[in-house]
Every structure is written in C-alpha cells, then in structure tokens.
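Student: I would like to learn how to read features from a model like this one. Can we work through some cases?

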Amino acid sequence: MQQKIDPPKVSTSDDSDQIPRRLRESLELHLANIYPDLDESDLARKIAAAFWTEGHVPRRRGRTPMHPIWTERDTYVIAYGNSLIDGEHKPLDLLKDFLSAHLKGTVSGVHILPYFPYTSDDGFAVTDYRAVNSVLGDWHDVERIASDFRLMSDLVLNHGSSQSTWFAEYLQGHSPYDRFYFEASPSDDLTNVVRPRAHPLLREVETANGTRHVWATFSHDQIDFDFSNPEVLLEFIRILRFHIDRGVRTVRLDAVAFVWKEVGTNCIHLPQTHEIVRLFRVLADYAEEPVVLITETNVPNVENLSYFGNRNEAHAIYNFSLPPLILHALLNGTSKHLNSWQMAMPPAQLGCAYLNFTASHDGIGLRPAESLLEDTEIADMIETVQGFGGLVSMRRLPDGGFRPYELNVALFDAMKGTVNGVDDWNVERFLCSQAIAMSLEGIPAFYIHSLLATPNDLEGVEKAGYNRAINRHRWHYPELQEKLADPSTIQARVFSEMKRLIGIRIRQPAFHPNATQFTLQLGEKLFGFWRQSDDRTQSIFAIHNVCDEAISISAMSLNLIGGMNWKDLLSDEVISARGGDIAFAPYQCRWISNKA
C-alpha cells in the first residue's frame, strides 16, 4: 500500500545570502507574475530551498542561451519501461540490455515514458512521483540506464491519479492536499475551455467538506492540480530535484499547456503557464547538472512555438506539426504542404531546438495540422489510414460537437500504401519518413516501435479498451531477438537500415541541431533543404523523393560549388557539380555532401 508522502519541511530562515542575486531576482520576478497577492521574496526562498536541498548549491551565474548543450550526436529513443518483456527479468533490465547491445554509440539518449506507479493511461495517471513501478524495476535500474544514456523523464505536472494518496487526502479534507486539486462548479461558464478529449470536463466527488466538482482534462482518473496554490508548485519542484538526483537530465513537461486554469477563459497557454515554464527554466539554468527542459504541447504550430519564449522557456519543443505533414506528403506523393510549412518555420533561436519525431506513444496529432492542411485533406488522410487498420480519436469542441484529435496507428502500417491503396513500397516509404526527420534542423527522436517496424497491435486495443494501445505493443524480448537476428524479417531490415542512417547522421556537423537550414524548391514530388555547419565547412543537400515514381533533377539546380568533391552520404555515389541529372528511385533519399 502506498505510504502517505509528506512534503519536506522548508526552512523559513533568511538564507537569501546563499542565493545569487540574479537568481533571486529572476525567481521573484516570475513569482510576482504568478502569485501577485503573495510575498514573492518569501516564495523565492522556499523555492530555492526546495530545489537546492542539502548538498546542492546553485551556480553563481546561470547558463546563457549561448551555452552549447547539444551536438549533431544527440538523438533519443522513446520507449515504455515495459516495451520489452520476457516474463522472467525486470523490464527495465531488458530495456537496458537492448539499448546497450543494439544502440550504444548510435543513440545518445532515452526517453523512458512514465515509470512510476499508476492507475491508467499507461503511466500518465501517477500515484507516487517518488517511486518506480515495481513491475518494471527500481531506482537502481533507472540509474543504470542513466549512467550510459542521457535520460529523459516525464514530469506529469498537470494531473495525478484519482486513486493516489494525495487525492485520498483531498477527499478527507486533510491539509495541504485539500487545496491541491482544481475545483469548479457545473454552473460555471466553461464553454470556451479547449478540450483534448470528449468526456465531461468535471467529475463530481464527495469530500469531507461536501460535494465538489474536480477538473479532469484528460480522464476522470486524471485529476488536475491547482497551481494557484503555491504549495503545488513547491511540491513539483521538490519532485524535480528528486528526479534529477536519480539521473534525469532532460525533463519533459507533460501537458504543461493546461496547468493554469481560470474559469471564463480557454484554460490553455495562459500567462501564468508561461511564467511557470520560465521559472522552471531559471532553476535549470542555475542547476549544477546540465538539465534540459522540453515542453509537450500538442497544439497548432503557432501556439507550440510560443513555448520557446524569448529563449527563456523550454530549451526544446516537440515539432508536433511534422508527423501529420510527413504522413500527408507520403500518402499523397506531394511535398506541397510540408514545403510551405518548412519555409514558414523560424529557425530555433540559439539555446533552443526542435525535437523532431514522426511517431510516439500517443497518436499522430491532428490539431498541429490545423490551418496547415484543409479539412478535406485531413479527412482523406484519416480514411486512408483507417484502410490500413488505423483508428481515430476525437475531442470535444466548445459548441458540443466533435473533431478528430489524433490518428492511432503504428507508423510502419500507416505507410503500407498511399491514398490509392496498399502497394509494395512500405519499407522504402517508411524509411523516407525517418530520413526526413533525421536531417531537419533539430534533435531527432525515434519511437522504439518505429525503429522495430512494429505493426498495429489490434489485439492490444481489444484487451486495453482504448485506441492508443494500437501503438504500445510489448515485444516478447526473445521473439524480438530472433527477428533481429534473421535478416529476412521486416524488423531486421528496418532496424539495420535505421541504425545505418542514424550512424551516418550523427557524424555530420551540418546536422547540428542549430546548423543553418534553407528550404529548396525542387517541385512537389521532392522535399529538400540545404544544411550548413556552423563553421561553414560542410554543406549537405538533403533531398527526399516523397512519391512512388522515379524522379530526376539537374545537378545544376542545386548550385553545387565547383572544385569540391560532392558525394551522396547514403549511397556513396559521387555527384558531379558540372551538370548532368541526379536520379531518385521511388522514396529514395540523398544526403549530398561536400565532406564524406
């Protein structure tokens, strides 16, 4: 049974002399904007004491955005703690074995999806933020992985499990938890609230203080916290320190866009939300450990970009528009929308980066495609993916209607064919999608089931009762090892080529996350861009055929500089700068570089 967790006692003594002046001023600035009616100086002292516990001291100066925190060698794999099982060993041990045996030296980081005790949503309804789910392993297992790979971990700060000790204490009216959860009234005007789900927003509960209605953005088992109570913020800062002490170096702020609520507003991206992210950034900048913050905001593109702030919020943001746009391009054989979007995308400011991905544990979000694709194009994409065994999840609109929220499908199966039906280009089309994500400005992240070409898990959907299970398969590790050892299997073919591509990618300075990028105009059947290293010694023309036809372009159209030896890094083919045609087979990708 879970034990009650009492927040550590915070010293109220005046220890301001131990806090660098600029750090104190930054904390006070953000706290004054979040809690204008409270004493920001007192809160700043409490926050500093919560984060810099015994044995920890802040840096005298915060890291600046110019401080290099990533290189072209940085890549992540995304996995659940139990993506690999065998019924005998701890799943985290199996994950460590897989990473060490197959990806060490190729992938530098791993995002282990929530590995805490939970009650639903495959880990995102946390019951205890300071424990590891015993079914997976323990903190020692997590720390072993963190010793060899940069560890990304989720700070699920918007909501917690309705079956947690905290919520039980809330129901009983016990302090401080009696003010930990956001309450509203059914009579409140909630029509403008942005909803990512279709269930009723409020859940009625009986408490020691009477009937209450608690806010449940994602499900009735996931109850939203009330960050207008500074004790909630303080507790999550203590949790953040606890995780950092156990090896976490990249912190994923899950569903952070929803953390601040005000009745009568849309309750998303509110000013206080951004101030909270800025406050976390201050803590990261002054931490001795090299902590990187990434925001998970599955929203339209412009809204997503706002979480860079002015280089003072997230270090990295998920490139949420990329998955639906790549899928649309490859299903329709046109880069029209992908190209237009990329031309309009601002380069990430120094100290910031995009996290490029094509699939994750969730579905392929459709909100980030809003305003980028027409409704009819989204509908055609949904129909095509459903024909390949995919599913669709809906969200509720303010007027009570519903709209598609995400496609639930294993990405490899989503690439079975095009809008014209299934064909024989599944592997090539899928690898093209991955090569695009690898070569774009930013840091690439690969879902384990993309690396392994895992098909739709329809049996998992039937057992779990929810659509997202289609892309959360649990591989029996011995069976997976057999498949990877057999070069004739789809898993071995795709995994081997993925490792080859990543291995090439991480050796190219022109693929540094912040290296220069310029979109090329090569016609709708090709998607291309030029990358150049920071020192300007390497150029790469990354060109991808997004259709099922053979295409040729003139080498002259690339403006290859004469006197240099140009070579396709992927095929080892020499490319002449003097002219002639460059041929592309269906879905072929070329990374044409002046440095092999």
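Student: Which residue just after α9 takes a positive phi?
Tutor: In this predicted model, G333 does, with a phi of about 70 degrees, just after α9.

Student: Why is helix α9 described as largely enclosed by the rest of the structure?
Tutor: In general, an α-helix has 3.6 residues a turn, so residues three or four places apart point the same way. Here, 10 of the 11 residues of α9 (residues 322–332) are buried, so the rest of the structure largely encloses the helix. The buried residues include P323, P324, H328 and L331.

Student: Which residues have the most contacts inside the largest nonpolar core?
Tutor: They are F98, Y115, F227, F236 and W591, in a core of 174 residues. Helix α6 (residues 230–244) gives the most to this core, with 9 residues.

Student: What does F236 touch, leaving out residues up to four places away in sequence?
Tutor: F236 touches Y129, L155, V156, L157, W166, F225 and F227. There is also a second, separate core of 16 residues, with L520, I551, A555 and I575 among them.

Student: Which residues of strand β23 lie on the covered face, and which on the uncovered one?
Tutor: In a regular strand the side chains alternate between the two faces of the sheet. In β23 (residues 551–554), I551 and I553 form the covered face, while S552 and S554 form the uncovered one.

Student: How many bridges join β23 to β26?
Tutor: There are 4, and β23 and β26 (residues 581–584) run antiparallel. I553 has I582 as its bridge partner in β26.

Methods. Residues numbered from 1 in each chain as written. Predicted model: local features only at pLDDT ≥ 70, side-chain atom pairs only at ≥ 80, totals over all residues. Heavy atoms only, no water. Buried < 20%, exposed > 50% of the residue type's maximum accessible area, 1.4 Å probe, protein only. Helix = DSSP H or I, 4+ residues; strand = E, 2+ residues; numbered from the N terminus. Core = buried A, V, L, I, M, F, W, Y, C linked by side-chain atoms within 4.5 Å. Contact = heavy atoms within 4.5 Å. Pairing = 2+ DSSP bridges.
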